[in-house]
Amino acid sequence: MKLLDIKEKIWLLDEKSFDFPKLEDMENDLVAIGGDFHPQRLLNAYENGLFPWFIDDYNYINWYSPKKRMVLYPDDFKVSKSLKKSILNRGFEVKSNTNFIEVMQNCKNTRRKHESDTWIDDNFIKAYTLMHNLEFANSIEVYLDKKLVGGLYGLIINNIFCGESMFSLVNDASKVAFFHLCEWAKNSNIKLIDCQVYNKHLESLGAYEISREEYFRILKS
């Protein structure tokens with residue numbers, strides 16, 4: 001691992017090592033580039049507060065640790081009246097870890113506002129499917145009339161659910177998945193849900209930003 005740019009403090013990862021920069025070595029949101037999706041490298045990344053965001057035009061994995069981290073405590077999830085009605089009366093069936101690859105495929109194919117594409121490509125799908133097979137990555141799926149209509153996936157690291165992406169094909173489906181994630185977390189000693197970076201939708205559900213230093217304190221505790 002070597003420092004590429006003194007001003008930006010971006011680290012080039014050593015292909016033969018799974019080490020990542022420490023908190024004191026981080027300045028910007030983009031912390032490191034390079035490496036691969038070896039399971040141990042992914043585990044080390046999340047355990048050290050980083051996650052892979054996308055593969056750039058030079059075929060480097062870009063590893064991020066945002067200075068402001070979006071998080072949600074399971075007890076803080078906001079259930080609106082309309083969402084409560086959907087949970088109780090819409091007829092959704094919720095399962096976990098029964099269709100991981102299809103959840104990722106749907107997250108890949110979902111186009112969000114102001115985005116022409118998603119960061120999820122076949123490399124991500126292959127890597128996280130392997131993590132799922134190794135029982136580190138988990139999915140929650142929402143079905144309506146036996147059709148997958150919503151869901152999310154992420155990894156469990158140090159009693160933190162590190163959320164990666166979610167999708168919804170019908171109204172409220174992803175929110176229902178998130179609700180059940182929080183209910184499961186409260187019963188499974190999961191103390192925090194890492195939402196990574198700010199967006200307005202997550203804020204409406206009860207998530208908020210904390211500093212990178214505070215996130216590391218929680219992660220290491």
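**Group meeting: packing and backbone in a predicted chain**

Residues 24 or more positions apart account for 64% of the contacts in the protein chain with a separation of 6 or more, a contact being heavy atoms within 4.5 Å. The model under discussion is predicted: local features need pLDDT of at least 70, side-chain atom pairs count only at pLDDT 80 or more, and totals for chains, interfaces and linings use all residues. Numbering runs from 1 along each chain as its sequence is written, and side-chain values use heavy atoms, with hydrogens and water left out.

I begin with the overall fold. The protein chain holds seven helices and twelve strands; these are DSSP runs numbered from the N terminus, helices being H or I of at least four residues and strands E of at least two. The radius of gyration is 17 Å, which agrees with the value near 17 Å for a compact globule of 221 residues; it is taken over C-alpha atoms, and the globule rule is 2.2 Å times the number of residues to the power 0.38. Along the principal axes, the C-alpha trace spans about 55 × 35 × 35 Å. Buried residues make up 50% of the 221, where buried means under 20% relative accessible area, exposed over 50% and partly exposed in between, with a 1.4 Å probe and protein chains only.

I turn now to the helices. Helix 1 (residues 39-47) packs with helix 4 (residues 122-133) at an angle of about 85°, their axes 10 Å apart. Helix 1 is therefore roughly perpendicular to helix 4, the class for angles of 65 to 115 degrees. Pro39, Leu42, Leu43 and Tyr46 of helix 1 meet Ala127, Tyr128, Leu130 and Met131 of helix 4. The residues of this contact divide into eight nonpolar, no polar and no charged.

Which residues of helix 3 (residues 100-109) are buried? They are Phe100, Val103, Met104, Asn106 and Cys107. Seen down the axis of helix 3, these buried residues fall within an arc of 160°, so they line one face of the helix. They pack against helix 4, strand 8 (137-144), strand 9 (147-157) and strand 10 (160-168).

Finally, the backbone. Most residues other than glycine have a negative phi. Asn59, in the loop between strand 4 (51-55) and strand 5 (61-64), has a positive phi near 70°. Asn59 counts as exposed, at 63% relative accessibility. Lys146, in the loop between strand 8 and strand 9, also has a positive phi, near 70°. With a relative accessible area of 79%, Lys146 is exposed.

Terms used
Axes fitted to C-alpha atoms, helices over the stretch in contact; angles between N-to-C directions. Parallel < 35°, antiparallel > 145°, perpendicular 65-115°, else oblique. Nonpolar A, V, L, I, M, F, W, Y, C, P; charged D, E, K, R; others polar. Arc of directions from axis to C-beta.
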